[in-house]
Amino acid sequence: MKQTDIQYLNQFELKLEEELVKLCTEYKLLNNILLATEDIDELWTTNLAPEYVADAVKEVANYPVVSVAWAGYLGMGVAKGWDTDWAKYQKLPYANYYGEHKFDDLDEHIVKHILGLELDSPQAQQIENILRACGEKAVNMIRHEHIEPQSVMAFHVFARATKAMFRIGVALELFALGYKFEKVKLSDLNAGRVS
């Protein structure tokens, strides 16, 4: 892939993430910051993305929003595991996030069995609403790129959109769990250090 293509994909992903963070902040489910961790990002890249994208790409024609948005559910499930017992959850295979009908009910399985919410609860409805809105935003942004359908570039844009949705799911769950970024003065950290 050419360097200009990689730059284009990086810019698309960054722009999409910024738009999704704005949207989630409007819903009061984020605070203008994409909460993320390197270990969760690495798990996506090395373990989850290839299998998720292989599942999701089959759904693009009939369910474009689902194909992108469910990466958000996956991100939420992974973030919950990160908070609970990362040593255990980082080793779980992608198939662990499947429901009884594999990819078809991945969303319900994660909400009910990983996040521990009743499917008809207000929290579950709120998650469904925000991830649907984010998925619609992502699909609209992809369509505005006017990329030739079923091309190599279309695949890469789709893969970057699923990555952005995964990261949004992670951020939503970390925010719900009470995590936040705080500015820390290095002088405060060094003050308590023993030489």
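1. Helix α2 covers residues 38-57 and bends by about 65° at Leu 48, with a proline, Pro 50, following within four residues. The bend at a residue is the angle between axes fitted to the seven residues ending there and the seven starting there. Helices here are DSSP runs of H or I with at least four residues, numbered from the N terminus.

2. A quick word on the ground rules. This is a predicted model, in which local features need pLDDT of at least 70 and side-chain atom pairs count only at pLDDT 80 or more, while totals for chains, interfaces and linings use all residues. Residues are numbered from 1 along each chain as its sequence is written, and side-chain values use heavy atoms, with hydrogens and water left out.

3. What does α2 pack against? Its buried residues pack against α3 and α6. Among those buried residues are Ile 40, Leu 43, Trp 44, Leu 48, Tyr 52 and Asp 55. Buried means under 20% relative accessible area, exposed over 50%, and partly exposed in between, using a 1.4 Å probe and protein chains only.

4. Now for the pairing of α2 with α3. Two packed helices are described by the angle between their axes and the distance between the axes. The axes of α2 and α3 cross at roughly 145° and come within 11 Å; axes are lines fitted to C-alpha atoms, for helices over the stretch in contact, and angles run from 0 to 180 degrees between N-to-C directions. On the α2 side, the residues that meet α3 include Trp 44, Leu 48 and Tyr 52, and on the α3 side they include Ser 67, Trp 70, Trp 82 and Trp 86. By class, this contact has 15 nonpolar, one polar and one charged residues. Contact means heavy atoms within 4.5 Å.

5. A polar atom of the Ser 67 side chain lies 2.7 Å from the backbone oxygen of Pro 64. Leaving aside residues up to four places away in sequence, Ser 67 touches Tyr 52, Ala 56, Glu 59, Val 60, Phe 158 and Thr 162.

6. Arg 167 is another one to check. Its place is in helix α6, residues 152-176. Is Arg 167 buried or exposed? At 16% relative accessibility, Arg 167 counts as buried. The Arg 167 side chain makes a polar contact with the side chain of Glu 17 at 2.9 Å, and a polar contact of 3.0 Å joins it to the side chain of Asp 41. A polar contact is a pair of N or O atoms within 3.5 Å; within protein, one must be able to donate a hydrogen and the other to accept it, and residues adjacent in sequence count only if both atoms are side-chain atoms. Arg 167 also touches Leu 34, Leu 35 and Ala 36.

7. Two backbone angles are worth a glance. Most residues other than glycine have a negative phi. Lys 28, in the loop between α1 (3-26) and α2, has a positive phi of about 65° and is exposed at 69% relative accessibility. Lys 102, in the loop between α3 and α4, has a positive phi near 60° and counts as exposed at 53%.

8. Finally, Asn 96 is found in the loop between α3 (64-89) and α4 (106-114). Asn 96 is partly exposed, with a relative accessible area of 32%.

Note on methods: Helix = DSSP H or I, 4+ residues; strand = E, 2+ residues; numbered from the N terminus. Nonpolar A, V, L, I, M, F, W, Y, C, P; charged D, E, K, R; others polar.
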